[in-house]
Amino acid sequence: MASLNFSDIQGFVLSSYATKMPCANYLLLKVTDVKACKAWLGSIIPQITTGTDRKNDFSLNIAFCATAFRSFGFTEADMISFSAAFQEGMITETRRQIMGDTGNNKPDNWTWGNDKRGVDILLLLFAIDETELKKKLTALEAGILESGGVEVVQSLPAGRQPDSKEHFGFLDGIGQPTIEGTGQKERQLTRTGHATELKAGEFVLGYENEMQKIDPLPAIAGAPEFGKNGTYLVFRQIEQHVHRFWNYVKETAITINAQAGVADQDKLAAKMVGRWKSGAPLAEYPDADPAPTGTNEENNFGFAANDQSGAKCPIGAHIRRTNPRDSLFDDPKMSTLTVRRHRIIRRGRSYGHRTEDVYTDDREERGLHFICINSNIERQFEFTQQTWVNNLNFAALDHETDPLVGQRDPNSMFSIQGCPARTRIHNLPDFVTIKGGAYFFMPGMAALLELVKER
Ligand code: N7H
């Protein structure tokens, strides 16, 4: 096992900072003057949090779109060494098809990341509280204004709810792989009794991956190891229509059973997610939430031996599509091995106020700043989105996509396998809308210094 160069890896690759720093803000920037931008970058690099910094009150990280690298003077010979998806960006026709960004989700409707409001640089700020966040944000914004080299396209506040639940009401952040060589495995084992440790190369470039390969590094003239200790970051701003979700669940539960009450609604919603609101997995607790007022981060389960038919956790449930574990093929070992090559680490946070009245449209926007990291956008994030989330025939299902975040068509359906017969629900509306997005590269610290050099 190669030892990781933690001081060269940005801290965000290794940590979401969620426990110590619940407050966050993302600044999306556009380069307006290359020379001035590089000077500004030079001034903030010393503030960037690395994998060895043990900060408790504030962390800062940075990532770049391909457009930024091109404006900094990277040639096409340099760019070709990066992932094709990164080079292209998220909104080309090919990428839209892969992502399912059509209809209401088409990039023309986005508030950032499209042709009208393109972005080049992402600054990620995390703080212990709102006061510290505001202080640091104000100072950074002043520096940006003064620099004359970058401007703020969008400033996105985000946070972590005290109970770690996302807006539909479910505990989030449970199903995460750990990175070999970081000590994360031991920590996760203590917390959840289970850890899926993956080779570091799945999330940090320059190390062996799950294919026992070290992928060629992005290389630029004068810096053949530019990509080392870097990673790709996927950002999607996803609005959640909470009232639409819960009204659909309520009406559908009553259609299935005229006597349906709140417990039946919660069960139907849990069937769509694959976990109860507490986080407890349906594969282990099929009948009722074992911790209705608490949390359950259990992750030590598969589907093959216990629930291959989907009678407990439906085959098309969100967590079963996005991580089919051992149930993808008849051979559980092969399935597990294959699935390990398509994992992502989610580092997103919620935005907007939580609503207590989930049935009423209060016309406030809320959602998830979905952020994930991976070394190979095509094999990890895009694969998950295209081949699992949006695949109409995932695991031999017929004309269904992910019930929460899948691309819709007029017949959108979701099957709940059961005995003696399955239940099929119909006409699922859009529970989410994409509001913005982009692919970024998060360089290692040495590569950041390369960026500010004149080219
Ligand atoms: Fe999902 N949700 O609140 O319902 N997700 N997700 N996700 N998701 C998960 O395990 C949610 C989205 C994954 O290892 C849970 O942390 C919402 C996209 C993966 O068992 C819940 C949105 C993609 C997992 C949600 C959203 C994924 C996962 C269960 C958008 C990838 C881990 C808690 C607004 C393309 C699966 C947990 C595993 C879990 C929700 C989006 C992927 C509750 C609201 C776009 C890999």
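**Entry 1: helices H2 and H7**

I began with the crossing of H2 and H7, which is right-handed in this predicted model. I then looked up how the two axes lie, and I found that those of helix H2 (residues 34-44) and helix H7 (residues 130-147) come within 9 Å and cross at roughly 150°. Angles over 145 degrees count as roughly antiparallel, and H2 and H7 are therefore roughly antiparallel to each other. Which residues of H2 and H7 meet? I noted Ala36, Trp40 and Ile44 on the H2 side, and Leu140, Gly143, Ile144 and Ser147 on the H7 side. When I sorted the residues of this contact of H2 with H7, I had five nonpolar, two polar and no charged.

**Entry 2: helices H9 and H10**

I went on to another pair of helices, keeping in mind that two packed helices are described by the angle between their axes and the distance between the axes. For helix H9 (residues 242-256) and helix H10 (residues 262-273), the axes come within 9 Å and cross at roughly 115°, which makes H9 roughly perpendicular to H10. The crossing of H9 and H10 is right-handed. From H9 I listed Phe245, Trp246, Tyr248, Val249, Lys250, Thr252 and Ala253 as making the contact, and from H10 Asp264, Gln265, Asp266, Leu268, Ala269 and Met272. The residues of the contact of H9 with H10 divide into eight nonpolar, two polar and three charged.

**Entry 3: the iron atom**

Which protein residue is a donor to the iron atom of the ligand? I found a single donor from the protein, the NE2 atom of His318, 2.1 Å away from the iron. I also looked up where histidine 318 sits, and I found this residue in helix H12 (residues 318-322).

**Entry 4: aromatic pairs**

I noted that the structure holds 29 aromatic pairs. Among them I picked out phenylalanine 12 and phenylalanine 126, which are stacked, with 5.5 Å from centre to centre and 20° between the planes. Phenylalanine 12 lies in helix H1 (residues 11-14) and phenylalanine 126 in strand E3 (residues 121-127), so this pair ties together parts that are 114 residues apart in sequence.

**Entry 5: backbone exceptions**

I finished with the backbone, where most residues other than glycine have a negative phi, and most peptide bonds are trans. Against that background I wrote down asparagine 229, which has a positive phi of about 70° although it is not a glycine. Asparagine 229 is in the loop between strand E6 (197-198) and strand E7 (231-240). I also recorded a cis peptide bond joining cysteine 419 and proline 420, with omega about 10°. Where does proline 420 have its place? I found proline 420 in the loop between strand E11 (414-416) and strand E12 (423-425).

Note on methods
Residues numbered from 1 in each chain as written. Predicted model: local features only at pLDDT ≥ 70, side-chain atom pairs only at ≥ 80, totals over all residues. Heavy atoms only, no water. Axes fitted to C-alpha atoms, helices over the stretch in contact; angles between N-to-C directions. Helix = DSSP H or I, 4+ residues; strand = E, 2+ residues; numbered from the N terminus. Parallel < 35°, antiparallel > 145°, perpendicular 65-115°, else oblique. Left-handed = near helix turned anticlockwise from the far one by under 90°. Contact = heavy atoms within 4.5 Å. Nonpolar A, V, L, I, M, F, W, Y, C, P; charged D, E, K, R; others polar. Donors = N, O, S within 2.8 Å, 3.2 Å for Na, K, Ca; no water. Phe/Tyr/Trp six-rings, centres within 6.5 Å; stacked < 30°, edge-to-face > 60°.
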